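Please look over the sequence and the structure shown here before reading on. The briefing that follows begins with one residue and its surroundings, and then takes up other topics in turn.

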Amino acid sequence: QVQLVESGGGLVQPGGSLRLSCAASGSIFSIYAMNWYRQAPGKQRELVSFITSGGTTTYTDSVKGRFTISRDNAKNTVYLQMSSLKPEDTAVYYCAADIRVTTGNTARYWGQGTQVTVSS
């Protein structure tokens, strides 16, 4: 019914940058908050950032000043610009979106995840 597809992960050296994208498609009526989570090996999944439909943003402390979340409502897409990357940013990054579908139900949908590895 709804799919979220992430792209943009990869291997980058410390101090480098990556831009993640997550596009939602399907029977979408409206999209509310769009979120980026990450899960490092052996750790719990954590919320990295989210952006409301009105554009209000929030970041976890460890990425403030280095990551920027944005969204293109016309494309149903959320982005995460990551700069000054550190080895501790290595994780699988997941997008999640709160979506109301055309049948009227609202639920959180998840992408499949994209690997980000920061290493020299």
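In this predicted model, Val-2 touches Ser-25, Gly-26, Ser-27, Ile-28, Ile-99, Val-101 and Tyr-109, when residues up to four places away in sequence are not counted. Val-2 belongs to strand 1, which covers residues 2-7, and with a relative accessibility of 12% Val-2 counts as buried, because buried means under 20%. One of the residues it touches is Ser-25, and although Val-2 and Ser-25 are 23 residues apart in sequence, their C-alpha atoms are 5.7 Å apart in space.

**The chain as a whole**

- The protein chain has eleven strands and zero helices, so that its elements, read from the N terminus on, run β-β-β-β-β-β-β-β-β-β-β.
- The radius of gyration of the protein chain is 14 Å, close to the 14 Å that the globule rule gives for 120 residues, and the chain is therefore as compact as a globular protein of that length.
- Taken along the principal axes, the box that the C-alpha atoms of the protein chain fill is roughly 50 × 25 × 25 Å.
- Of the 120 residues in the protein chain, 43% count as buried, while the chain exposes about 6,100 Å², with carbon and sulfur atoms supplying 47% of that area.
- When contacts in the protein chain between residues at least 6 apart in sequence are taken together, 56% of them join residues at least 24 apart.
- The protein chain carries 11 positive and 7 negative side chains, and the centres of these two sets lie 3 Å apart.

**The disulfide**

- The structure holds one disulfide, which joins Cys-22 to Cys-95 with a distance of 1.9 Å from S to S.

- Asn-35 counts as buried because its relative accessibility is 3%, and Met-34 counts as buried because its relative accessibility is 1%.
- Beyond residues up to four places away in sequence, Asn-35 touches Leu-47, Ser-49, Phe-50, Tyr-94, Cys-95, Ala-96, Ala-97, Asp-98 and Arg-108, and Cys-95 in this list is one of the two residues joined by the disulfide.
- With residues up to four places away in sequence again not counted, Met-34 touches Ser-49, Phe-50, Ile-51, Ile-69, Arg-71, Asn-76, Thr-77, Val-78, Ala-96 and Ala-97.
- Met-34 and Ser-119 are 85 residues apart in sequence, and from C-alpha to C-alpha they are 28 Å apart in space.

**Loop residues with a positive phi**

- Most residues other than glycine have a negative phi.
- Asn-76, a residue other than glycine, has a positive phi near 55 degrees, and its place is in the loop between strand 7 (67-72) and strand 8 (77-82).
- Asn-76 counts as partly exposed, because its relative accessibility is 25%, and Asn-76 is among the residues that Met-34 touches.
- Ser-84 is not a glycine either, yet its phi is positive at about 50 degrees, and Ser-84 lies in the loop between strand 8 and strand 9.
- Ser-84 counts as partly exposed, because its relative accessibility is 42%.

**An exposed loop residue**

- Gln-13 is found in the loop between strand 2 (10-12) and strand 3, and it counts as exposed because its relative accessibility is 54%.
- Which residues is Gln-13 in contact with, once its neighbours within four places in sequence are left aside? Gln-13 is in contact with Val-118 and Ser-119.
- Gln-13 and Leu-85 are 72 residues apart along the chain, and their C-alpha atoms are separated by 7.7 Å.

Methods. Residues numbered from 1 in each chain as written. Predicted model: local features only at pLDDT ≥ 70, side-chain atom pairs only at ≥ 80, totals over all residues. Heavy atoms only, no water. Disulfide = S-S within 2.5 Å. Helix = DSSP H or I, 4+ residues; strand = E, 2+ residues; numbered from the N terminus. Buried < 20%, exposed > 50% of the residue type's maximum accessible area, 1.4 Å probe, protein only. Contact = heavy atoms within 4.5 Å. Rg over C-alpha atoms; globule rule 2.2 N^0.38 Å. Areas by Shrake-Rupley, 256 points an atom, 1.4 Å probe, with all protein chains shown as cover. Lys, Arg positive; Asp, Glu negative; His and termini not counted. Charge placed at Lys NZ, Arg CZ, Asp CG, Glu CD.
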